[in-house]
Amino acid sequence: MSYGTEASAPAPAPASAPTLITLDFDAGIPSDYSLITFGGTVSTLDTTPPDGGSGTAAEVIKTDGAQTWAGVTFLSLASGEIIAPESDTASMRVWAPEAGTVVRLKLEDVLSPTHSVETEATTLTSGWQTLNFDFKEEAAGTAAVNHSFEFNKASVFFDFGNAGTGATYYLDNFKYSVI
């Protein structure tokens, strides 16, 4: 029997820790962000959001007759920066005029729009609340999350599946990891 020391393998390099995106609109719209409306929505920054809101929030009006899929893109990251495909959840503070409002969140690759994932959450009350979105539970009829895709764009659709009635919604405090 011989005794000796075993050579140990070098320690792996530490992985870079993801950082958290927190978009709260209080400083306006940073250069990597924008409000791009589509399908019949109108969006602006509101410095006096309704009851329970503080600071600045993005106001989204789903105009009367707007498309069932109308929404707003609120995040478009700089080249080389991606929303972490390893993360399956995001959260967002929203204001809706009534309970039962379906809010859809979509992440996609600007250069390959078919590389996307969509999920939904439903408001439990009227007014402000934090919704949690689980991308492992993709929205019906959409692709499952694919962790090999690089996402760099985020859009929200209020009252998804229903034509616009002129209702106003707000979004604030979007949180998601980036690498």
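Asn173 is partly exposed, at a relative accessible area of 26%, where partly exposed covers the range between buried (under 20%) and exposed (over 50%), computed with a 1.4 Å probe on protein chains only. The model is predicted, so that local features need pLDDT of at least 70 and side-chain atom pairs count only at pLDDT 80 or more, while totals for chains, interfaces and linings use all residues. Residues are numbered from 1 along each chain as its sequence is written, and side-chain values use heavy atoms, with hydrogens and water left out.

Asn173 belongs to strand E11; strands (E, at least two residues) and helices (H or I, at least four) are DSSP runs numbered from the N terminus. Although Asn173 is not a glycine, its phi is positive, at about 50 degrees. A positive phi, near 55 degrees, is also found at Asp159, a residue other than glycine. Asp159 sits in the loop that runs between strand E10 (153-158) and strand E11 (167-178). Asp159 is buried, with a relative accessible area of 16%.

Strand E10 is also part of an open sheet of five strands, ordered E2-E5-E10-E7-E8 with antiparallel pairing; two strands pair if DSSP finds at least two bridges between them. Strand E2 (36-38) and strand E8 (112-122) are the edge strands, each pairing on one side only. From one strand to the next, the twist averages 25 degrees, based on axes that are lines fitted to C-alpha atoms, with angles running from 0 to 180 degrees between N-to-C directions. Within this sheet, E10 and strand E7 (residues 102-109) run antiparallel and are joined by six bridges. Glu108 stands opposite Lys153 of E10.
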